[in-house]
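Biologist: Before I read anything into this model, could we go through it by question and answer?

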Amino acid sequence: MTDAANPEQVLFASTAQAFLDKEAPLSRVRELHATGASFDTAWWHRAAELGWASMLVPEELGGGSVSGDGVADLALIAEQIGRTVAPGPLHPVNTVLAGLVDADNAETHSATIEALVAGELIASWAVYEPGGSWSPGDTTVTATPTESGYRIDGVKDRVEAGEQSGVFLVAADCESTIRQFLVPADAAGVLVEGQKSIDLVKRYARVTFDGVEVGAEAVVGSAAQTPALLARQGQIAQILQCAEVVGILDTVLAFTVQWGLDRHSFGRPLGSYQALKHRFADMKIWFEACRATTGAAVADVAARAPSAEMSVSVAKSYLGDHAAPMLQHCIQLHGGIGVTWEHDLHLYLRRATLYRSMFGTPEEHNLRVYALTTEMENAS
Amino acid sequence: VTETTSVRTDDKAPHGPVESVPDFAARARAWLANNMPRVDPANLPEADRGAEGPWLRARELQKKLHAGGFAGICFPRDYGGLGLPFAYQKAFDNESRGYELPVILNTPTFTICAATILDTGTEEQKRQHISGAIRGDEVLVQLLSEPSGGSDLAGVITRADRRGDRWVINGAKTWSTSAFAADYGLLLARTNWDVPKHEGLTMFLVPIKSPGITMRRILQVDGGNEFCEEFFDDLELSDDAVVGEVNDGWAVASRQMYHERRAVGGGSEFASGIGAEGETDQEIDYPALLEATGRSDDPRAREMAGRALVRRAVQEQLISHVYHGVLDGSLPAAAGSIIRISHAETVQFEIDTALAIVGSAGVVDDGSGLSRYGDRFLSRQTASLGGGTNEIARNVIGERILGFPREHAADRGVPFNQVKHRRD
């Protein structure tokens, strides 16, 4: 993932970094939080001009990526975003795009895809339901066929950037088959209520669909391909989280190691104490493991490998288990300053903790890994 | 000692056109099918490294490999090998899955001892010992640790004194892997006591079955007795037993440790054949374990097993990540210690998970055979101790990768005969 081997990828990453350094430093994250804002849509528009919403989209649909491997490029951006836990709808927009471009009726949605690529429109995957855990194949929301299309009823929640989304990709039960629909946020009967998260700027929403009428063209993909689309969307959402967490850990570990070298107690650097040195060593091991497993997951998703489902769950479980505890170690190593509002550590801890539990907890992914293992054994 | 690259090619190329990797693999496939015994990978023959039988068997199998022209694939042709790059060894490994191979000869004989002799030995030593090992005539081991030493490997007190034109060895070594089955050992001894500890050491190649060596097996908690301790009483050696320079034995020992770290991660081109060495080395089959305990549908057991499978998968990914990172320079060579620790932690996590899943069947033999997981738990720490402890490896990561100050050592720069060795 960060094996940015080709020069275009290196340039792409450094452009992204320069943009984020200038436009989305940690101070900006704090400002947004202080004003109760999540992100600035004009800012996202500029990010989209850098190609942040085009990587998963084929050229014939107006997209393209610098390296030809859009998934790897996208992971690279996510990792950069982790460095300043930047705001913005990178995850929801690209997750929706992953589903739209793979759908066999992608052409029908070309205007939506184009607007998303341009950063003029924001979309989000409405997949969680109130009280429910991560289970994208199960839904209580219904899509009832009508004369002109479908009527959507039900409630979704934890919809990222729901308040700023112009359209939702909604998984719904249509005559006992799961299908997905593009539902405009301004359609009659759609009610969006904001939900705060543990993160300073990431906001979510509860979205109620009360007799919402959509046309027949709102459906995304055939019934037969919908499970595959759901799986792909899930994988994209999950590797984005993992890559962003790698960027978070890399950044926090670097400044914590520096602290261990600079900070002196009893006339010695902190890192000279073996108890602390060993804690640092453990974090280095976990960090390289996080990078290794994320890289493997990104590569499998990029290649659409049959093992992608397994690799992604392995990475999500491992990072979920390790990232937030590593940041807690870093807080401990900083001492009292680590638990102050002024220090930036909590900004990183917030984002990593949010991702630990969204799109599958480590426990849920462990169950998935076990189930996939037995399936493979039975198949062989 | 200079670093060697992992790919060795030889000046003495075979005559005629060079055989391609696929051609070599095809020839290996045919030869294996006609000459080597097949094994069921799920039911491997028990290769107890502490018993004599497997070592005799390994020598026999190695002789077959040699006779067939598939031994020492990456060792130079001058010393009995084939002088081929790593890709040929990997191709052979791939073809040899499902066949019985002398895998217990890999470490330490080939990956550590022969590799180190190749780097540091005299021409005569290379011709005798590397060739001997490749022919299946010689098993090589390391005689490094001492009863008084522990992690302080350079603090050896086994002495080599000059008497006329001979060296006379006195002292003791311990934790020598499979020394009972060996022909020669690389022995580190102190030859100068008036200089700091690293500067007064010399490496010797010692014939194990010599008068002056008394060997004793160490019985381990799991019943294994592969490790040995040796006592040296006026063992006499000549100058041609010296490996490297006199008083520069630490350079040779460092080379051994370098090769050992590479071998642990599966990154040695000198290993031939892959896979478990026997039943105790086999991966835990979690679905089988859940079935045996009637917990196949128990979400708690499935979740625990899933987490252990995650750790196992990540360990494999980490090995590959570190191997490539060291190769492309994004990680320092000391990153081998990352794999060293994570391997131990993964083994520990897996054994703990298995013990938890089997419950009381792991501690009372109810006839199910699951008490073997209790036995494995008892010797769990082996993985965290062997080949240097986790604690030393954490120091390596903290100091050589992260750049923190080195641990205080009271013996640094101090002539060895002035270093304090025990409480007054």
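**Questions on the model**

Biologist: In which helix is the place of B:Pro108?
Modeller: B:Pro108 has its place within residues 106-120 of chain B. Helices (H or I, at least four residues) and strands (E, at least two) are DSSP runs numbered from the N terminus, and the name of this run is helix 4.

Biologist: What sort of model is this?
Modeller: Residues are numbered from 1 along each chain as its sequence is written, chains are lettered from A and ligands numbered from 1 in the order in which they are written, and side-chain values use heavy atoms, with hydrogens and water left out. Local features need pLDDT of at least 70, side-chain atom pairs count only at pLDDT 80 or more, and totals for chains, interfaces and linings use all residues, the model being predicted.

Biologist: What is omega for the peptide bond that joins B:Thr107 and B:Pro108?
Modeller: Most peptide bonds are trans. The bond between B:Thr107 and B:Pro108, however, is cis, with omega at about 5°.

Biologist: How many salt bridges does the rule find across the interface of chain B and chain A?
Modeller: The rule asks for a side-chain nitrogen of Lys or Arg within 4 Å of a carboxyl oxygen of Asp or Glu. The side chains of A:Asp321 and B:Arg311 meet in such a pair at 3.6 Å, N to O. The count over all chains is 52, whereas across the interface of chain B and chain A it is six.

Biologist: Which helix of chain B gives the most to the side that touches chain A?
Modeller: At least two residues each come from helix 7 (286-292), helix 8 (299-328), helix 9 and helix 12 of chain B. With 14 residues, the one that gives the most is helix 8.

Biologist: How much area do chain B and chain A bury between them?
Modeller: Contact here means heavy atoms within 4.5 Å, and 35 residues of chain B are in contact with 35 residues of chain A. Buried area is the accessible area (1.4 Å probe) that two parts lose on being put together, summed over both. Carbon and sulfur atoms carry 70% of the buried area, which comes to about 3,000 Å².

Biologist: At what angle do the axes of helix 9 and helix 12 of chain B cross?
Modeller: Axes are lines fitted to C-alpha atoms, for helices over the stretch in contact, and angles run from 0 to 180 degrees between N-to-C directions. The axes of helix 9 (residues 336-358) and helix 12 (residues 390-401) of chain B come within 9 Å, and their crossing angle is roughly 145°.
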